[in-house]
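The sequence and structure follow.

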Amino acid sequence: MKILILGDVMGRSGRLAVKKNLNKIIKENNIDFTVLNGENSADDGKGITNLIAEEFFQEGVDVITSGNHIWDKKETVEFIDKEQRLLRPENFAQGTPGNGHGIYLSKNDKKIGVINLMGNVFMKKTDDVFEIAKKMKNKIVLRKNVDFLIIDFHGEITSEKMAIGHFFDGVSTAIVGTHTHVPTADTRILENGTAYQTDIGMCGDYNSVIGMNKDNSLKKFLKDKNATNHFPAEGEGTLSGIIVDANDETGLAKKVTRILLGGNLIN
């Protein structure tokens, strides 16, 4: 079983990187299931539209995860209940539109569970992520409810991400961090068999400040009165994420490979 997980798609540059490279990666690596985080994929880097989500699905994405920017486009509230393949964090308040997890069929008819969680530290107010994680661990059980389980943890700090990684080690196929837009160098399989990376980076222009125009960002840091609202950099984007080769019998990872394709970053 081959699973592709891509980091936060940032603006038009990130979408173009996905459009340019995704189909090729899927074919060359015999990918059976693809997940990406799409919460920054709108032109202004804030939120996702129905049209963009549909474009991702047409390009081969199976599930879109998100995080703190999921509601930045008002239309998302209107279509997220209908679109089961678009997730928002599971630990949002009860009654929030949409779903934080789902079970899907892969190209080879395997049941794939996907859980979207968001950190509590330095993030928008959410329910206790570890309490929700305990409930989800009991609800979606590897080799019982699903053949494979993928978790996107959208969080700010490395310690919280690492802790949740160890919490799900051995009971999930892969757990990846998103949100900080910078790929970390700790791609590995944890001791009990779960593929892990603290942050899988972004799909977007790295000649930037976490995807935003670098000149304007510097003006903001320097308190220049000519600074404007943040807007995405639009140079050539890098596709960033991982490929997980999973064991069909155990649902755990056999191999994990970092993907950095195009733009300013290379493998």
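How do the residues of the lining of the largest cavity divide into nonpolar, polar and charged? I worked on a predicted model, where local features need pLDDT of at least 70 and side-chain atom pairs pLDDT 80 or more, while totals for chains, interfaces and linings use all residues. Residues are numbered from 1 along each chain as its sequence is written, and side-chain values use heavy atoms, without hydrogens and water.

**Cavity.** I found one cavity of 30 Å³ or more (points on a 1 Å grid over the protein atoms alone where a 1.4 Å probe fits but cannot get out; lining residues have an atom within 4 Å of a point). The largest cavity holds about 30 Å³ of space. I listed its lining as Phe-153, Lys-161, Ile-164, Ile-175, Val-176, Gly-177, Tyr-196, Gln-197 and Thr-198. Two or more of these residues come from each of α5, β8 (174–178) and β10 (195–197); β8 gives the largest share, three residues. The lining divides into five nonpolar, three polar and one charged, with Gly counted as polar.

**Helix pair.** I then turned to α4 (residues 129–139) and α5 (residues 158–167), which pack at an angle of about 20° with axes 11 Å apart. They are therefore roughly parallel (angles under 35 degrees). The crossing of α4 past α5 is right-handed. I noted the contact (heavy atoms within 4.5 Å) as Val-129, Phe-130, Ala-133, Lys-134 and Lys-137 of α4 with Glu-160, Ala-163, Ile-164 and Phe-167 of α5. Six of the contact residues are nonpolar, none polar and three charged. Ile-164 belongs to this contact and also lines the largest cavity.

Note on methods
Axes are lines fitted to C-alpha atoms, for helices over the stretch in contact, and angles run from 0 to 180 degrees between N-to-C directions. Helices (H or I, at least four residues) and strands (E, at least two) are DSSP runs, numbered from the N terminus. Angles under 35 degrees count as roughly parallel, over 145 as roughly antiparallel, 65 to 115 as roughly perpendicular and the rest as oblique. A crossing is left-handed if the near helix is turned anticlockwise from the far one by less than a right angle, and right-handed if clockwise. On a 1 Å grid over the protein atoms alone, a cavity is a set of points where a 1.4 Å probe fits but cannot get out, and a pocket is an open set with protein on both sides within 12 Å along at least five of seven lines; lining residues have an atom within 4 Å of a point. Grid points are joined across faces, edges and corners, and a volume is the space filled by probe spheres set on the points.
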